[in-house]
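Trainee: I would like to learn how to read a model like this one. Can we go through it feature by feature?

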Amino acid sequence: MSKINLDDLNKSMRVRQLLLSDYEDIVALQKESFPDMVIWTNDQLSSQIAVFPEGQLGVEFEGQLIGTCSSLIIDIDEYSDSHSWNKISDNGYITNHDDEGDTLYGIEIMVAPEFRSMRVGRRLYDARKELAKQRNLKRIVIGGRIPNYHKVADEMSVYEYVEAVIHKRLYDPVLTFQISNGFTLKRIITNYLDDDSESKGYALLLEWPNLHYRPRPAKYSISALPVRICSVQYQMRPIKNFDEFAHQCEYFVDVASSYNSDFVLFPEIFTLQLLSFMQHERPGLMGRKIGKFTSNYIDLFQHLAIKYAINIIGGSHYTEEQGDLYNISYLFQRDGKIGKQYKIHITGNETRWWGIKPGSEIKVFDTDRGRISIHICYDIEFPEASRLATRKGSQLFFVPFCTDERHGYLRVRICSQARAIENQVYVATAGCVGNLPAVENLDINYAQSGIYTPSDFPFSRDCIAGECQPNIETVVIADVDLDVLKRNRQNGTVLTWRDRRLDLYDVIEKNLFH
């Protein structure tokens, strides 16, 4: 008999964090586990992983994802005893996750039916318990389903059913498992999950106490994550070459960095200043000529971001791609990474004069100072796009703009403040001033750049963290605090993000690509 190679017999089962690349496998698993319930969207999974990656776990067996669970941390006292799944999970996006909370709340767990005899659920709960211990959380709480209740709902009340399961006269796959797993029943919740027909909308609030919990000392400081923003009110003046443009840009980046800013924001299409030293042609042709400087522009701002250790939103720049001209805002992070946001909404003027095409994707960028999104001028005037960005986790909106007179500027400014209030985010704007008499369709500018906040007691008077004087070249620098923002979303005077009536309306992002 030949020697048995045990390495050939090894099998691999491990618990790991979920990845965005797992999405298709998660959907397949969800359809198999809960065929009658609404499945996760890619946006929901993306938000969960971005907000709290440690809480999104999966069990992988021989390379196959066979079980997953999703969790967030909350301060349980901030929610009513009769909360719904949508309320506690922010409709599955968990943007209400609170690192300073005391409770790990489980919003989902599922195991492939063919592997349910392999204690996959137990492995996931053991991982949750270990996470609670590591984070020094007081408890784990879940809203547990009772999927067998529909079979006897005509014969007994939900209270009678739960009592029967607890005393082992009936079996329920969820409640029976949770009791054996050390969870205790706290109360019954009605109208918890609308599409859970098996449980008739009921859920059981179940709790596992962490015996390793150590009470935390009282907190004396509540501001924990400040972010300093610099908005550049840039003067459009004739220049002789690209080096002169680069010199002006570096000056403002140096200023922002010397004040220890985390972000510096330049205005929309300020690179059209380069047209002032080119031979005059129709705007559509001139816009494409700017594309010749795209590599110079990207090299310049990537170099400045690294050299001055600052994140730069490089205004926006007309860029030609596959024969079409786009208005693109580039993000240059201080670690060298580059991202870009295409302008989504194009004005009639841009189409008629410059031939600009719209982009078709609303992006949110992870930075070392929170998740941000870029809304190029006209884009901020459409609340739907801002809702989608907030849903994806954006906390800071950057709005590079270029407006020719006061009416146009006021549309951008008023809508920026509205977006700050309705989404409970910070919004920074930066516009051009001055004039370029020789550049057609860009001859005058009007701007008053600013940094805006929600409207509530923790924030600045008039919702303005800082603002430039109108129509002069200058900068505005202000500090905002992401922890204050988080607390305001949870217990502000009004909760304009949390109180959306998603039972009446919603904003859906279609899967299009520019």
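Trainee: Which residues are buried in helix 12?

Mentor: Some ground rules come with that. This is a predicted model, where local features need pLDDT of at least 70, side-chain atom pairs count only at pLDDT 80 or more, and totals for chains, interfaces and linings use all residues. Residues are numbered from 1 along each chain as its sequence is written, and side-chain values use heavy atoms, with hydrogens and water left out. Helices (H or I, at least four residues) and strands (E, at least two) are DSSP runs, numbered from the N terminus. Buried means under 20% relative accessible area, exposed over 50%, and partly exposed in between (1.4 Å probe, protein chains only). Now the case: Gly 408, Tyr 409, Val 412, Arg 413, Cys 415, Ser 416, Gln 417, Arg 419, Ala 420, Glu 422 and Asn 423 are buried in helix 12.

Trainee: What do the buried residues of helix 12 pack against?

Mentor: Contact means heavy atoms within 4.5 Å. The partners are helix 11 (383–391), strand 17 (396–401), strand 18 (426–434), strand 19 (450–452), strand 20 (464–467) and helix 13 (482–491).

Trainee: How many residues does helix 12 have, and what span does it reach?

Mentor: The expected span of a helix is 1.5 Å times one less than its number of residues. Helix 12 (residues 406–423) has 18 residues. From first C-alpha to last it reaches 25 Å, close to the 26 Å expected.

Trainee: Is Arg 413 buried or exposed?

Mentor: Arg 413 counts as buried, because its relative accessibility is 15%. Leave out residues up to four places away in sequence, and Arg 413 touches Gln 448, Tyr 452, Ile 464 and Glu 467. Arg 413 and Ala 447 are 34 residues apart in sequence, and their C-alpha atoms are 9.4 Å apart.

Trainee: How should I describe two packed helices?

Mentor: Use the angle between their axes and the distance between the axes. Axes are lines fitted to C-alpha atoms, for helices over the stretch in contact, and angles run from 0 to 180 degrees between N-to-C directions. Angles under 35 degrees count as roughly parallel, over 145 as roughly antiparallel, 65 to 115 as roughly perpendicular and the rest as oblique. Take helix 11 and helix 12: their axes come within 11 Å and cross at roughly 40°. Helix 11 is therefore oblique to helix 12.

Trainee: Which residues meet where helix 11 packs on helix 12?

Mentor: Pro 383, Ser 386, Arg 387 and Thr 390 in helix 11 meet Arg 419, Glu 422 and Asn 423 in helix 12. By class, that contact has one nonpolar, three polar and three charged residues. Ala, Val, Leu, Ile, Met, Phe, Trp, Tyr, Cys and Pro count as nonpolar, Asp, Glu, Lys and Arg as charged, and the others, Gly among them, as polar.

Trainee: At what angle do helix 7 and helix 9 cross?

Mentor: The axes of helix 7 (residues 242–258) and helix 9 (residues 294–307) cross at roughly 25° and come within 11 Å. So helix 7 is roughly parallel to helix 9. Residues of helix 7 in the contact include Phe 242, Phe 245 and Val 253, and those of helix 9 include Tyr 297, Leu 300 and Phe 301. The classes here are nine nonpolar, one polar and two charged residues.

Trainee: Where is Ser 47 found?

Mentor: Ser 47 is found in helix 2 (residues 42–51). Ser 47 counts as buried because its relative accessibility is 1%. Beyond neighbours within four places in sequence, Ser 47 is in contact with Tyr 93, Thr 95, Arg 371, Arg 391 and Lys 392.
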